[in-house]
Amino acid sequence: MASRTHAGAVPSTLPRHQILDEQGAIADDALLSPYVADVTVEQLQHLYRSMTGARRVDEEGTSLQRQGQLVLWVPLRGQEAAQVGSAWPTLPTDRIFPSYREHAVALERGVAPSDLMRLFRGITAGGWDPEKHNLNLYTMVLASQVPHAVGYAMGTALDRKAAQDAGTPPETDPEAVIAYFGDGASTEGEIHESMVFAASYDAPVLFFIQNNQWAISVPFATQSRVPLATRAAGYGFEGLRVDGNDILGVVAATRYALEKIRAGEGPVLIEAETYRMGAHTTADDPTKYRERDEEEQWGHLDPVDRLRAHLRDAHGVEDEFFETVARENDEIAQRMRADVLAMTPPRFEDSFAKAYAEQHSLVDAERAEYLDYQAGFAPQDEIDTHDTRGAGA
Ligand SMILES: Cc1ncc(C[n+]2csc(CCOP(=O)(O)OP(=O)(O)O)c2C)c(N)n1
């Protein structure tokens, strides 16, 4: 469901894939249904846990920011199916390049909830080891991660070719790369360059667009006259349009795309149509630019409600499961809160050691100068923090 359309919108013949309909019933999709035919009820329960866990962590992130414990928070509410559904089918060896809202992707890749918060507490430029999770750090500069992803994917293709030339047997599951970005970022020049290069060099990359209908206050209707998935055709690769609030649809589309990518057929684009149910960030007030009616309409399409209905109606999953998951999620959020409150800023002098991989005399001199400067101040415990002189000024 698009919120509105551009006055010059061109009708699109591209199908919109869906496997779980709005009521949580199975809707047959000729292309994609086979890709989720083997999903078990236990796996669906994992997906539910993952989506609701991310939502609970997200709520706690907003509370922590409101209480002055985070500098900023970027809510993901509404995009859980798009994120979990695309991250779950990846292999640990696949490399992921996120934007800044992909908390459910990061959690699904094993990042600890409190590590997600480090950046937003303002104590580091990134809270996890990218090599450990094969997940790059968040970037706030729109679209900048996408040329990086394509370059990385081109590199893996070259490595593979070199290995083949050297007589190494082909891998069964060669590495794939996913670049996440939004509808707003899709209009940046880097995206065009990335898609041209990816197509020219058959880069094993999935362009995963979460079209959440808004780029801060700019509606999707202004960004594009056509569904974004149709743009792939202009570059000569496949674009899929999927209901991004349908967890099974997203899993199936991602599995389909990864299969093609691993087979060496080059890039694929997925546009997951979803909705940012909350604010752009905690610094934003969406009531200034969008209607409550629209929010309510999308509220009826909530991805978590849809999966819950499916688990209940199609698999007889009972209340006890949902209650247990809610309790576990509360515990995760409480542990995360305690970890966040215990986080202290790193010592400034330690940052000099991160300037170069090896020690450098100039950096050593600057560190010494900084320490010398600091030594000119009275130690903290000698400062009378109860001094109220001037308080009435
Ligand atoms: C290069 C660049 N231009 C502008 C911005 C300011 N900015 C931050 S978020 C945003 C909107 C992004 O919308 P979208 O790509 O749809 O992602 P969403 O935030 O909705 O997830 C803009 C314009 C930025 N961070 N980087």
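# Briefing on a predicted protein–ligand model

UniProt, in an unreviewed entry, places the feature "domain: Dehydrogenase E1 component" at residues 48-331. The structure discussed here is a predicted model, and over residues 48-331 its chain is 49% helix and 11% strand, with the end C-alpha atoms 16 Å apart.

**Domain division**

- The protein chain is divided into two parts, with domain 1 covering residues 16-341 and domain 2 covering residues 348-382.
- Taken over C-alpha atoms, the centres of domain 1 and domain 2 are separated by 40 Å.

**Surroundings of the ligand**

- There are 15 residues around the ligand, and those that come nearest are Tyr100, Arg101, Met140, Gly184 and Ala185.
- By residue class, the shell around the ligand divides into eight nonpolar residues, four polar ones and three charged ones.
- Alanine 185 has a polar backbone atom that lies 2.7 Å from an oxygen atom of the ligand, and glycine 184 has a backbone N or O atom placed 2.8 Å from an oxygen atom of the ligand.
- On the nitrogen side, a polar backbone atom of leucine 142 is 3.1 Å from a nitrogen atom of the ligand.
- The ligand taken alone exposes 590 Å², and the protein buries 71% of that area.

**The loop between helix 5 and helix 6**

- Alanine 143 lies in the loop between helix 5, which spans residues 130-133, and helix 6, which spans residues 145-165.
- Most residues other than glycine have a negative phi. Alanine 143, although it is not a glycine, has a positive phi of about 75 degrees.
- Is alanine 143 buried or exposed? Alanine 143 counts as buried because its relative accessible area is 1%, which falls under the 20% cut-off.
- Threonine 139 also belongs to the loop between helix 5 and helix 6, and since its relative accessibility is 15%, threonine 139 counts as buried.
- The side chain of threonine 139 makes a polar contact with the side chain of serine 144, at a distance of 2.9 Å.
- Valine 141 is likewise found in the loop between helix 5 and helix 6, but valine 141 counts as exposed because its relative accessible area is 55%, which is over the 50% cut-off.

- Isoleucine 216 is placed in the loop between strand 5, residues 214-215, and strand 6, residues 218-219.
- Isoleucine 216 has a positive phi of about 50 degrees, although it is not a glycine.
- Isoleucine 216 counts as partly exposed because its relative accessibility is 41%, a value between the 20% and 50% cut-offs.

**Further positions along the chain**

- Glycine 8 has its place in the segment before strand 1, residues 16-17, and with a relative accessibility of 24% glycine 8 counts as partly exposed.
- Between glycine 8 and histidine 300 there are 28 Å in space, C-alpha to C-alpha, while the two residues are 292 residues apart in sequence.
- Alanine 112 is found in the loop between helix 3, residues 103-108, and helix 4, residues 113-121, where alanine 112 is partly exposed with a relative accessible area of 31%.
- Alanine 112 and glutamate 320 are 208 residues apart in sequence, and their C-alpha atoms are 26 Å apart in space.
- Alanine 221 is situated in helix 8, residues 220-223, and alanine 221 is buried, with a relative accessible area of 12%.
- The C-alpha atoms of alanine 221 and glycine 126 are 33 Å apart in space, and these residues are 95 residues apart in sequence.

Terms used. Residues are numbered from 1 along each chain as its sequence is written. This is a predicted model: local features need pLDDT of at least 70, side-chain atom pairs count only at pLDDT 80 or more; totals for chains, interfaces and linings use all residues. Side-chain values use heavy atoms; hydrogens and water are left out. A residue is near a molecule or strand if one of its heavy atoms lies within 4 Å of it. A polar contact is a pair of N or O atoms within 3.5 Å; within protein, one must be able to donate a hydrogen and the other to accept it, and residues adjacent in sequence count only if both atoms are side-chain atoms. Accessible areas come from the Shrake-Rupley method with a 1.4 Å probe; for residues, only the protein chains shown count as cover. Ala, Val, Leu, Ile, Met, Phe, Trp, Tyr, Cys and Pro count as nonpolar, Asp, Glu, Lys and Arg as charged, and the others, Gly among them, as polar. Domain bounds come from an automatic or database domain assignment. Helices (H or I, at least four residues) and strands (E, at least two) are DSSP runs, numbered from the N terminus. Buried means under 20% relative accessible area, exposed over 50%, partly exposed in between (1.4 Å probe, protein chains only). UniProt positions are given in the numbering used here, feature names are shortened, and annotations may be inferred rather than shown by experiment.
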